[in-house]
Amino acid sequence: MQFNDTSTYNGHIQAIERYVYSSDYGRVSGNSTELANWTIRLNQALNRTSLLMSEYANNWRVGDWNTGSYDTATENIVSGTREVKITNPEDVMFIFSVLIKQDATTTDYREIKPFDIRDRTTLGYVENDAQNVGIPWRYEKAGGYISLDPTPNYSATNGLKYYYQKVPHMFLVGDTTAEAGVPSVFEEIVHLYAIDQHATEDSNVTLKSLVQSDIARVERDIKNFMSMRSASDQMPRLKPVNRSSR
């Protein structure tokens with residue numbers, strides 16, 4: 001579904017005009033202030049949709065196809081520096097795999113293991129920087145940094161590579177054909193979330209009740225579908241129901 005389709009009315013803005021304004025087409029698309037406000041709400045809705053679908057990332061990794069290629073990035077490893085700064089941390093929802101080059105000349109990456117610095121059994125080992133140097137074999141994530149353990153004793157250009165989920169692509173006020181970047185069967189939830197935000201801002205109790213009922217229905221459908229998706233590409237199987245003959 002497009003962002004704003006004034007020709008065939010098959011856009012998120014037009015869905016909002018149908019739902020909230022009784023098909024008064026142009027009420028939003030033809031009003032620059034209203035269009036700007038609804039663009040903000042739709043972008044907030046994209047974030048909410050992404051979080052909903054991320055609940056099932058173990059079954060199937062969630063991604064927005066508007067963001068382009070496979071979600072990977074590299075950073076430099078600097079000898080004696082444990083903390084590697086992520087270049088654009090605001091674009092990263094979460095990191096799910098980290099790999100490193102094990103010296104300055106190799107082109108191969110090897111995966112290292114995550115650990116939690118809050119685990120007290122790791123604190124003494126991690127903080128003893130003067131002696132704890134070598135080839136990192138594990139990492140910890142905090143804020144906009146990836147902390148390597150042990151501290152690397154070599155430098156490597158693009159020596160650290162990570163796989164991550166990007167934040168959703170945001171709509172712009174002037175967009176027309178831009179899409180949400182989620183499977184089409186889930187697109188309804190995007191403008192429903194935006195309408196829910198509008199109902200809260202407007203203190204519209206009747207609209208809030210109506211849209212929350214529809215949100216609950218669509219969220220249930222999404223959760224049921226996502227729970228059937230398999231990371232190993234296995235088709236869902238129907239299981240026979242055993243009934244007693246008595």
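Against which helices do the buried residues of α1 pack?

1. The buried residues of α1 pack against α2, α4 and α5, where helices (H or I, at least four residues) and strands (E, at least two) are DSSP runs numbered from the N terminus. Of the 10 residues of α1, 8 are buried, so the helix is largely enclosed by the rest of the structure; buried here means under 20% relative accessible area, exposed means over 50%, and partly exposed lies in between (1.4 Å probe, protein chains only). The buried set consists of H12, I13, Q14, A15, I16, E17, V20 and Y21, and just after α1 the residue S22 takes a positive phi of about 55°.

2. On provenance, this is a predicted model, in which local features need pLDDT of at least 70 and side-chain atom pairs count only at pLDDT 80 or more, while totals for chains, interfaces and linings use all residues. Residues are numbered from 1 along each chain as its sequence is written, and side-chain values use heavy atoms, with hydrogens and water left out.

3. As to the overall fold, the chain has 5 helices and 9 strands, and from the N terminus on its elements run α-α-β-β-β-β-α-β-β-β-β-β-α-α. Of its 246 residues, 40% count as buried. Among contacts (heavy atoms within 4.5 Å) between residues at least 6 apart in sequence, 67% join residues at least 24 apart.

4. The packing of α4 (residues 188-201) on α5 (residues 205-228) deserves a look: the two helices pack at an angle of about 150°, with their axes 9 Å apart. That makes α4 roughly antiparallel to α5, since angles over 145 degrees count as roughly antiparallel, those under 35 as roughly parallel, 65 to 115 as roughly perpendicular and the rest as oblique. The axes are lines fitted to C-alpha atoms over the stretch in contact, and angles run from 0 to 180 degrees between N-to-C directions. Residues making the contact include I189, L192 and Y193 of α4 and L207, V211 and I215 of α5.

5. Rings of Phe, Tyr and Trp (its six-membered ring) pair if their centres lie within 6.5 Å, with planes under 30 degrees apart counted as stacked, over 60 as edge-to-face and the rest as tilted. By this rule the count comes to 5 aromatic pairs. The ring centres of Y9 and Y25 are 4.2 Å apart and the planes are at 20°, so this pair is stacked; it links Y9, in the segment before α1 (12-21), with Y25, 16 residues away in the loop between α1 and α2 (32-54). Y9, at 35% relative accessibility, is partly exposed, and Y25 is partly exposed at 32%.

6. The pair of Y162 and Y164 is tilted, at 5.5 Å centre to centre and 50° between the planes, and both of these residues are buried. Ring pairs also link F94, F96 and Y163 into a cluster.

7. A charge sits over a ring if NZ of Lys or CZ of Arg is within 6 Å of the ring centre and within 35 degrees of the ring normal. R41 lies over the face of W38 at 4.5 Å from the ring centre, and R138 lies over the face of F115, also at 4.5 Å.

8. Finally, V182 sits in the loop between β9 (156-166) and α4 and is buried, with a relative accessible area of 10%. V182 and S50 are 132 residues apart in sequence, yet 8.6 Å apart in space, C-alpha to C-alpha.
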